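The sequence and the structure are shown first, and the description follows.

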Amino acid sequence: MNDWTEGNTIQWHAPPPSSPPGFWPVRISKLLVLSILTLGIYELVWFWRNWRAINEAAPGSVNPWARTFFSGIMYFSLVERVGVSSGALLAVGYIALNAMARLPDPYWLISFTSVLFLLPTAISINRLCHDFEWPASSGWRVRDFTIPLV
């Protein structure tokens, strides 16, 4: 006689997803430090790597170079894809603080805080990619220290 539980297994945890979510995770400390040391250029690298990862997950869906060039406006689309709450406010804050780079001395320095509006999205991306192997470039490497010094 067959037991009614035969062949049934209880799953206590959801099975891990089969493919990465199509984003580029990065250590938060690296995003903060390199954004400040490179005067905001690393923020563009972060955008480009995320758009490139999205394009690799769904080929032809986005143009990484164009979306990076228009990163302020395209940030609305990125926070929507990631699913960050209050994403529109983050995008508006990012654009507003980047616009402050046009202010006279010393007020333009406020624009360096624009990276703070990227943090909730970067944290959400890191959580989405938690169960997957992160690329080596997402962590600290020797050249990450040498490039800002040059």
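Which residues have the most contacts inside the largest nonpolar core?

## Basis of the description

The structure is a predicted model, in which local features need pLDDT of at least 70 and side-chain atom pairs count only at pLDDT 80 or more, whereas totals for chains, interfaces and linings use all residues. Residues are numbered from 1 along each chain as its sequence is written, and side-chain values use heavy atoms, with hydrogens and water left out.

## Nonpolar core

The residues with the most contacts inside the largest nonpolar core are F23, L31, W46, F47, Y75, L78 and L118, and this core has 26 residues. A nonpolar core is here a set of buried Ala, Val, Leu, Ile, Met, Phe, Trp, Tyr and Cys residues joined through side-chain atoms within 4.5 Å. Buried means under 20% relative accessible area, exposed means over 50%, and partly exposed lies in between (1.4 Å probe, protein chains only).

At least two core residues each come from α1 (28-37), α2 (41-57), α4 (71-82), α5 (87-99) and α6 (119-128). The largest share, six residues, is supplied by α2. Helices (H or I, at least four residues) and strands (E, at least two) are DSSP runs numbered from the N terminus. Leaving aside residues up to four places away in sequence, L31 touches V26, Y42, W46, V115, L118, L119 and A122; contact means heavy atoms within 4.5 Å.

## Packing of α1 and α6

The helices α1 and α6 pack at an angle of about 150°, and their axes are 10 Å apart. Axes are lines fitted to C-alpha atoms, for helices over the stretch in contact, and angles run from 0 to 180 degrees between N-to-C directions. From α1, the residues I28, L31 and L32 meet L119, A122, I123 and N126 of α6.

N126, in helix α6, is buried at 12% relative accessibility. Beyond residues up to four places away in sequence, N126 touches P25, V26, I28 and W134.

## Helix α5

The 13 residues of α5 should span 18 Å at 1.5 Å a residue, and this agrees with its end C-alpha atoms, which are 18 Å apart. The expected span is 1.5 Å times one less than the number of residues in the helix. Within α5, the residues G87, L90, A91, G93, Y94 and L97 are buried. They lie on the same side of α5 because they cover an arc of only 165° around the axis, the arc being that of the directions from the helix axis to the C-beta atoms. The buried residues of α5 pack against α2, α4 and α6.

N98 also belongs to helix α5, and N98 is partly exposed, with a relative accessible area of 31%. N98 touches E43, S111 and S114, not counting residues up to four places away in sequence. The C-alpha atoms of N98 and G40 are separated by 9.2 Å, although these residues are 58 residues apart along the chain.

## Backbone features in loops

L39, in the loop between α1 and α2, has a positive phi of about 60° although it is not a glycine. L39 is exposed, with a relative accessible area of 60%. S86, in the loop between α4 and α5, likewise has a positive phi of about 60° without being a glycine. With 49% relative accessibility, S86 is partly exposed.

P106 is located in the loop between α5 and α6. The peptide bond from D105 to P106 is cis, with omega near -10°.
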